[in-house]
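Dear colleague,

Please find below the structure that I am handing over to you, together with its sequence. My notes on it follow, and I would be grateful if you read them with the structure open.

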Amino acid sequence: MLIDLSPLSLAALAAIFVGSGLVIVLAGSRLAKTADRIADQTGLGEALSGAVFLGASTSLPGIVLSGVSAGFGHADLAISNAIGGIAAQTAFLAIADIAYRRANLEHAAASLTNLTQGSLLVVLLAIPLIAMAAGPYDVVGVSPFSIALIAVYVFGVRVSSAVQQEPLWEPSETPETREDVPDAAEQQHGHVKRTWLELALSALFAGSAGVVLAEAAVEIAAKTGLTETAVGTFMTAITTSLPELVTSIAAVRQGALTLAVGGIIGGNAFDVLFLAVADLAYRDGSIYAAMSADHVLTVALTIAMTGTLLLGLLTRQTYGLWGIGFESVTILALYAGAFVFLI
């Protein structure tokens, strides 16, 4: 690894882990406001801005961690962090739903772009399973399925952009619907360059913390006897995904509901590319050949969680159990089941 943390005690490693997570949270907390301003200043809209700018920026700690881990041969940690982060962020959306007390978040934030991004996510999640079943094919150590992941993602973003500009379907408006209306003041007086610089600096700090987090995670797994699958799926995945939780709740409180949902779904679609980055960094062949049964279980559960979320966006239940929709209750139950099984 880049930094040798092996001489440190478990307590010191835990302190470094928590400190890195704090840096990620502080840097990530600024991203919701800047992404919302970019949406207003560029006219891209909250859903697409959340999917691309907010989703990609808050994902930097995780993509750095997966890439660094794979580069040093820790394929299990790299894969678990990538897939576990998607599951964690979907669960975070259910927590954001709980934070929005006015109505079911998926009802209020209905958006064709979010539905498109969710459908793209399901397709992207299926590709690693196909790659694993197809066998350890690679060209110069890189699987052709990693190229397919990137190509499908780029195509999906283009489709989302087209849907945003010329929608052929739109949700029925209800008293609880919150439309994506750009801030006129931001459009006229917003400092675009300064907003982009703020976004870049926040993302840089978060990404740098991801490197340190990877170093600490490997040593924590070694000293505690926990598998890298468990450490990656829950410890590093949740920690590197904390910006999504912070930004989603912040966006909900700002009233940017479409941004909150779009940031999670778009971030999840982007996070599948962690596997492509990890495959590029992994020098022992195709990283998909290193996938285990636990990884397959996590991918399958994540697909189930995403499908449940899509059902919630389509049915648009106004109120449900404890003020949240059936989709949030089901998503939290699925995530809790994965935790019990893997730990």
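The bend at a residue is the angle between two axes, one fitted to the seven residues that end there and the other to the seven that start there. This term is needed for helix α11, which bends by about 45° at isoleucine 238. Please keep in mind throughout that the model is predicted.

The chain as a whole

The protein chain holds 15 helices and 0 strands. Of its 343 residues, 55% are buried. Among contacts between residues at least 6 apart in sequence, 85% join residues at least 24 apart.

Helix α11 covers residues 228-254, which makes 27 residues. From its first C-alpha to its last it reaches 37 Å, close to the 39 Å expected at 1.5 Å a residue. The helix is mostly covered, with 20 of its 27 residues buried. Glycine 255 follows α11 and has a positive phi, near 85°.

Helix α5 (residues 75-99) has 25 residues, and at 1.5 Å a residue these should span 36 Å; the end C-alpha atoms are 36 Å apart, so the two values agree. Because 21 of its 25 residues are buried, α5 is largely enclosed by the rest of the structure.

Helix α14 (residues 293-315) has 23 residues, which should span 33 Å at 1.5 Å a residue; its end C-alpha atoms are 33 Å apart, in agreement with that value. Its buried residues include His295, Val299, Thr302, Thr306 and Leu313. Just after α14, arginine 316 takes a positive phi of about 55°.

Aspartate 279 belongs to helix α13 (residues 273-281). Not counting residues up to four places away in sequence, aspartate 279 touches several residues, among them Gly141, Val142, Ser146, Ser286 and Tyr288.

Serine 286 lies in the loop between α13 and α14. Is serine 286 buried or exposed? Its relative accessibility is 5%, so serine 286 counts as buried, the cut-off for buried being under 20%. The side chain of serine 286 reaches the backbone nitrogen of tyrosine 288 at 3.3 Å. Leaving aside neighbours within four places in sequence, serine 286 is in contact with Pro136, Tyr137, Asp138, Gly141, Ser143 and Asp279.

Valine 152

Valine 152 is placed in helix α8 (residues 144-165). With 24% relative accessibility, valine 152 counts as partly exposed. Leaving aside neighbours within four places in sequence, its contacts are with Leu120, Val123, Leu124 and Ile127. Valine 152 and isoleucine 127 are 25 residues apart in sequence, and their C-alpha atoms are 9.7 Å apart in space.

Yours sincerely

Note on methods
Residues are numbered from 1 along each chain as its sequence is written. This is a predicted model: local features need pLDDT of at least 70, side-chain atom pairs count only at pLDDT 80 or more; totals for chains, interfaces and linings use all residues. Side-chain values use heavy atoms; hydrogens and water are left out. Helices (H or I, at least four residues) and strands (E, at least two) are DSSP runs, numbered from the N terminus. The expected span of a helix is 1.5 Å times one less than its number of residues. Buried means under 20% relative accessible area, exposed over 50%, partly exposed in between (1.4 Å probe, protein chains only). Contact means heavy atoms within 4.5 Å. A polar contact is a pair of N or O atoms within 3.5 Å; within protein, one must be able to donate a hydrogen and the other to accept it, and residues adjacent in sequence count only if both atoms are side-chain atoms.
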